[in-house]
Amino acid sequence: MISRIDHVAIAINDHEKALAFFRDVLGAVPGAKIKAPPLKFFWQTLALGDLSRLELVSPSGEGSFLD
């Protein structure tokens, strides 16, 4: 039996729109937004009530592995 999920990463195009949905609709608590310049992407974890996490991953420029 699975006791909890550590995190699920979700690739998105519009970070602010996705953040608003998960925060305002689902009640997720945002953590720090981190930029990884060499790989051209941002990532941000969102805490859920049961210690599970969502991770939003979005491109920060052309040539990102998310394109």
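1. A friendly place to start is Ile2, which is exposed at 68% relative accessibility. Ile2 sits in the segment before strand 1, the strand that covers residues 7-11. Please keep in mind while reading that this is a predicted model.

2. Ile2 belongs to a nonpolar patch on the surface, together with Ile5 and Val8. The accessible area of these three residues together is about 290 Å².

3. Now for the overall layout. The protein chain has four strands and one helix, and the order of these elements from the N terminus is β-α-β-β-β. Along the principal axes, the C-alpha atoms fill a box of roughly 40 × 25 × 20 Å.

4. How much of the protein chain counts as buried? The figure is 25% of the 67 residues. The protein chain exposes about 4600 Å², and 60% of that area is supplied by carbon and sulfur atoms. As for contacts with a separation of 6 or more, 40% of them are accounted for by residues 24 or more positions apart.

5. On to the aromatic rings, where the count of pairs comes to two. One of them joins Phe21 and Phe22, with 5.1 Å from centre to centre and 75 degrees between the planes, an edge-to-face arrangement. The two partners have their own levels of cover: Phe22 is buried, with a relative accessible area of 12%, whereas Phe21 counts as partly exposed at 39%.

6. Why is the pair of Phe41 and Phe65 edge-to-face? The ring planes stand at 85 degrees, and edge-to-face asks for over 60, so the pair falls into that class, with the ring centres 5.1 Å apart. This pair links distant parts of the chain: Phe41 is in strand 3 (residues 41-47), while Phe65 is in the segment after strand 4 (53-59), 24 residues apart.

7. Are Phe41 and Phe65 buried or exposed? Phe41 is buried, because its relative accessible area is 12% and the limit for that class is under 20%. Phe65 is exposed, because its value is 54% and that class begins over 50%.

8. Another ring worth a look is that of Phe42. Which residue lies over its face? Lys33 does, at 4.4 Å from the ring centre of Phe42.

9. A backbone point comes next, and it concerns Lys40. This residue is not a glycine, yet it has a positive phi of about 60 degrees. Lys40 is placed in the loop between strand 2 (29-36) and strand 3. Its relative accessibility is 36%, so Lys40 counts as partly exposed.

10. Finally, consider Ala36, which lies in strand 2. At 17% relative accessibility, Ala36 counts as buried.

Definitions and conventions
Residues numbered from 1 in each chain as written. Predicted model: local features only at pLDDT ≥ 70, side-chain atom pairs only at ≥ 80, totals over all residues. Heavy atoms only, no water. Phe/Tyr/Trp six-rings, centres within 6.5 Å; stacked < 30°, edge-to-face > 60°. Buried < 20%, exposed > 50% of the residue type's maximum accessible area, 1.4 Å probe, protein only. Helix = DSSP H or I, 4+ residues; strand = E, 2+ residues; numbered from the N terminus. Lys NZ or Arg CZ within 6 Å of the ring centre and 35° of its normal. Patch = residues over 30% accessible without salt bridge, like charges linked within 9 Å, V, L, I, M, F, W, Y side chains within 5 Å. Areas by Shrake-Rupley, 256 points an atom, 1.4 Å probe, with all protein chains shown as cover. Salt bridge = Lys/Arg side-chain N within 4 Å of Asp/Glu carboxyl O. Contact = heavy atoms within 4.5 Å.
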